Amino acid sequence: MAEIRLQELRSEPRFKVEIPALVTGEMRDGKQPAGEVVLTNLSRSGLQMECSHQFVRDLMPNVERPDPRQLVQASVEFTLPGEFDPLSILVRVIYTRRLAQDKYLIGCHFEHFEAQSAELLGEFLYSLRSE
């Protein structure tokens, strides 16, 4: 029987988390839809968030399926456990996945870190790795 091997496409390990976050998108018409989501995993290069169907439609009103060539960006703000200052990261949407009628996952790649966000995230992920 042939052996099947799956290759991890991320260069960094993912860590399961459950962190509330605020996501703000920027639309061409100047509107900025915002919504609360829950981050479900983090790595040094990206994140995955869980949200409602309405939030997906608000963030990407004219997009059926995200295409990496189609730029959908958003700002994600969240506070790591044990920290007081929120992290602010600009992300690019890579995929959406429907889990249930009103439950979606959105996968994102990090584009730009504000202030000390990259350092704080790196320290947090390092602490998870050593657990």
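Student: What makes Cys-108 buried or exposed?

Tutor: The cut-off for buried is under 20%. Cys-108 has 5% relative accessibility, so Cys-108 is buried.

Student: How do you know that Cys-51 is in no disulfide?

Tutor: A disulfide needs two cysteine sulfur atoms within 2.5 Å. The cysteine sulfur nearest to that of Cys-51 belongs to Cys-108, 9.1 Å away. Cys-108 is likewise in no disulfide, with Cys-51 as its nearest cysteine sulfur. The count of disulfides is zero.

Student: What makes β3 largely enclosed?

Tutor: Buried residues do. Five of the six residues of β3 are buried, so the rest of the structure largely encloses this strand.

Student: How do you know that β3 pairs with β2?

Tutor: Pairing takes at least two bridges. β2 (residues 34–42) and β3 have four, in the antiparallel sense. Leu-42 has Leu-47 of β3 as its bridge partner. The two strands form a hairpin with three residues between them.

Student: What joins β3 to β6?

Tutor: Six bridges, with the strands antiparallel. Cys-51 has Tyr-104 of β6 as its bridge partner.

Student: Where does pLDDT stay under 50?

Tutor: Over residues 4–8, which have one contact beyond four places in sequence. Where pLDDT is low, predicted coordinates should not be read in detail. Among the elements of the chain, β3 has the highest mean pLDDT, 97.

Notes:
Residues are numbered from 1 along each chain as its sequence is written. This is a predicted model: local features need pLDDT of at least 70, side-chain atom pairs count only at pLDDT 80 or more; totals for chains, interfaces and linings use all residues. Side-chain values use heavy atoms; hydrogens and water are left out. Buried means under 20% relative accessible area, exposed over 50%, partly exposed in between (1.4 Å probe, protein chains only). pLDDT is the predictor's confidence in each residue, from 0 to 100. Contact means heavy atoms within 4.5 Å.
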